[in-house]
Amino acid sequence: MTESAVIDQNKNTLRTAALARRAGLNDLARQAAAQRFAAFADIFDITPSTVAAGYMPMRNEADPLPLMRALAARGAQLALPAVLARDAPLVFRTWDEGDTLIAGPFGTRHPAESAPQLVPDIVLVPLAAFDRRGHRIGYGGGYYDRTLAVLRAQKPVVAAGVAFAVQEVETVPASHHDAMLDVVLTDLECIDLRS
């Protein structure tokens with residue numbers, strides 16, 4: 001078995017266990033976590049031109065919407081990701097609460113194609129598992145890894161993982177193409193890896 005195959009197998013094992021722990025959380029814990037994420041809005045530098053990209057939670061993902069509202073209240077323009085093609089980076093389209101969303105692949109919801117595209121300064125990243133070094137395990141499609149690589153080639157971008165503390169693992173087996181997180185926000189703490 002190649003080194004890459006071993007890493008993938010280890011990630012799959014960690015992903016499955018972390019997602020099972022996440023699924024075990026009750027609605028009250030999820031709602032409290034969403035409010036806790038919003039309390040971390042002040043760790044981000046917001047200027048009149050800041051674009052903050054979030055995501056619409058699906059299944060039992062950590063809900064970033066209260067945090068997105070808090071960022072917008074501080075002056076950030078909000079955006080949501082859209083999947084254009086398999087193995088392609090995500091694009092981000094402007095979004096205001098109340099805008100109609102359309103169905104996308106994998107159960108995602110995103111702004112219509114007519115919504116203007118934006119290049120975010122802050123990207124809130126959903127994840128399956130994370131460690132304290134800023135490594136993450138996503139869902140296996142590589143969308144955020146590709147997207148963050150493209151964005152960071154253009155300008156500095158803060159990638160903030162949004163997760164429940166139960167999704168933490170001791171060590172994520174990382175590959176060379178895995179994008180690092182700058183911050184991890186959980187229901188218990190903010191792990192700020194910027195220095």
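**Starting from Phe44**

In this predicted model, Phe44 touches Leu71, Arg74, Ile122, Leu124, Val158, Ala160 and Leu185, leaving aside residues up to four places away in sequence. Phe44, Leu71, Val123 and Leu124 have the most contacts inside the largest nonpolar core. That core has 49 residues.

Which elements each supply at least two residues of this core? The helices are H2 (27-38), H3 (65-73) and H4 (143-154). The strands are S1 (51-53), S2 (77-82), S7 (122-126), S10 (158-162) and S11 (183-185). H3 gives the largest share, five residues. In soluble globular proteins, nonpolar side chains tend to be buried together.

Now step back to the whole chain. The secondary structure comes to four helices and 12 strands. The radius of gyration is 16 Å, close to the 16 Å that the globule rule gives for 195 residues, so the protein is as compact as a globular protein of that length. The C-alpha trace spans about 50 × 35 × 35 Å along its principal axes.

How much of the protein is buried? Buried residues account for 47% of the 195. Contacts also reach along the sequence. Among those between residues at least 6 apart, 69% join residues at least 24 apart.

The accessible surface is about 9,500 Å², and 54% of it belongs to carbon and sulfur atoms. The protein has 19 positive and 22 negative charges, and their mean positions are 3 Å apart.

Definitions and conventions: Residues are numbered from 1 along each chain as its sequence is written. This is a predicted model: local features need pLDDT of at least 70, side-chain atom pairs count only at pLDDT 80 or more; totals for chains, interfaces and linings use all residues. Side-chain values use heavy atoms; hydrogens and water are left out. The radius of gyration is taken over C-alpha atoms; the globule rule is 2.2 Å times the number of residues to the power 0.38. Buried means under 20% relative accessible area, exposed over 50%, partly exposed in between (1.4 Å probe, protein chains only). Contact means heavy atoms within 4.5 Å. Accessible areas come from the Shrake-Rupley method with a 1.4 Å probe; for residues, only the protein chains shown count as cover. Lys and Arg count as positive and Asp and Glu as negative; His and the chain ends are not counted. The place of a charge is taken as NZ of Lys, CZ of Arg, CG of Asp or CD of Glu. A nonpolar core is a set of buried Ala, Val, Leu, Ile, Met, Phe, Trp, Tyr and Cys residues joined through side-chain atoms within 4.5 Å.
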